[in-house]
Amino acid sequence: MENVLFEEKDGVMFVTINRPKALNALNSATIEELGEVIDGIEKRKDIKVVIVTGSGEKAFVAGADIAEMHVLNAMQGRELARKAQKVFSKIEHMPQVVIAAVNGYALGGGCELSMACDLRVASEKAKFGQPEVNLGILPGFAGTQRLPRLVGKGIAKELIFTTDMIDAKRAYEIGLANKVVKHEELMIETEKIARKIMSKGMFGVSLAKAAVNDGMNMDTESAYKYEADMFGLCFSTEDQKEGMEAFLNKRKASFKNF
Ligand code: CAA
């Protein structure tokens with residue numbers, strides 16, 4: 001694979017979108033490669049957290065590839081959106097926690113990719129935006145859906161309609177970025193968050209991810225029942241026994257993740 005690099009380090013998979021000359025713009029081939037990489041990671045029990053970032057100094061991902069997109073007809077435009085939406089949904093629903101390490105421009109499809117991840121850690125140099133209406137289109141990789149769910153309808157509409165690019169500090173203020181860190185410390189700080197999460201009972205973390213994601217698409221009563229099912233399921237695991245025994249015996253839990 002040339003457009004998406006991946007490397008494992010002690011249970012964390014680092015995935016890098018690698019088209020720095022085009023500011024890591026997502027062409028069709030890159031979207032497909034990303035889908036294949038995610039399919040591979042999803043099956044791996046030894047990988048607990050995935051960190052997604054962009055190659056080079058300037059960009060996380062500067063959007064869908066405009067050079068490839070400009071000749072599309074209506075059906076092809078729709079197909080491209082569906083293809084990327086499906087890959088991003090895989091990221092949203094995979095059992096591992098996925099963290100975007102936003103190292104620069106996260107625009108259009110790049111902002112949308114970061115929003116499909118569970119958390120976003122932003123370098124001070126990060127810039128977020130949905131500039132699609134500058135191009136005569138609208139966000140098509142699920143930005144019209146994920147952005148309002150993260151920051152509320154009003155600010156989402158403002159960002160989409162005005163195309164204003166926001167810096168990391170503003171992204172943090174509106175809840176788009178979870179944390180802002182020094183540019184040179186981005187990967188270290190992101191890995192620290194990954195390792196903190198990995199020290200918990202990952203079975204519970206993974207089910208909590210499902211409960212938040214799936215529950216938000218249900219009516220409230222169904223979501224409560226779903227949460228109760230997930231809660232009950234935890235009582236079939238070693239982790240629940242270990243976590244509670246460790247608390248009661250005033251020692252640190254050592255989880256096996258099942
Ligand atoms: N698609 C294709 N190529 C892109 C690109 C994109 N989204 N973004 C940047 N590039 C290319 C540029 O064309 C340029 O290529 P050349 O060197 O061959 O000319 C190279 O990357 C470097 O870019 P710039 O010279 O423009 O760099 P800059 O520092 O002056 O500007 C920028 C940086 C502000 C991010 C600017 O590149 C830019 O505005 N990019 C487009 C951003 C955008 O509109 N993204 C949304 C795309 S649509 C979309 O994503 C739809 C959707 O919902 C999925």
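Is K250 buried or exposed? K250 counts as exposed, at 78% relative accessibility, where exposed means over 50% relative accessible area, buried under 20%, and partly exposed in between (1.4 Å probe, protein chains only). The structure is a predicted model, in which local features need pLDDT of at least 70 and side-chain atom pairs count only at pLDDT 80 or more, while totals for chains, interfaces and linings use all residues. Residues are numbered from 1 along each chain as its sequence is written, and side-chain values use heavy atoms, with hydrogens and water left out.

- With residues up to four places away in sequence not counted, L176 is in contact (heavy atoms within 4.5 Å) with C111, M115, R120, F128, L147, L150, V151, I166 and A171.
- In soluble globular proteins, nonpolar side chains tend to be buried together.

- N213 belongs to helix α9, residues 202-215; helices (H or I, at least four residues) and strands (E, at least two) are DSSP runs numbered from the N terminus.
- N213 counts as buried because its relative accessibility is 16%.
- A polar atom of the N213 side chain lies 2.9 Å from the backbone oxygen of E92.
- Beyond its neighbours within four places in sequence, N213 touches E92, H93 and D118.
- S123, in strand β7 (residues 119-123), is buried at 0% relative accessibility.
- Leaving out residues up to four places away in sequence, S123 touches V102, N103, A168, V180, V181, H183 and L186.

**Surface patch**

- I66, L135 and I137 form a nonpolar surface patch with about 250 Å² of accessible area together.
- I66 is in helix α2, residues 66-69, and is partly exposed because its relative accessible area is 45%.

- Most residues other than glycine have a negative phi, and most peptide bonds are trans.
- K250, which is not a glycine, has a positive phi of about 50 degrees and is found in the segment after α11 (238-248).
- N257, also not a glycine, has a positive phi of about 70 degrees.
- The place of N257 is likewise in the segment after α11, and N257 counts as partly exposed at 24% relative accessibility.

How values were computed. A polar contact is a pair of N or O atoms within 3.5 Å; within protein, one must be able to donate a hydrogen and the other to accept it, and residues adjacent in sequence count only if both atoms are side-chain atoms. Patches are made of residues with over 30% relative accessible area and no salt bridge: like charges are joined within 9 Å, nonpolar side chains (Val, Leu, Ile, Met, Phe, Trp, Tyr) within 5 Å. Accessible areas come from the Shrake-Rupley method with a 1.4 Å probe; for residues, only the protein chains shown count as cover. A salt bridge is a side-chain nitrogen of Lys or Arg within 4 Å of a carboxyl oxygen of Asp or Glu.
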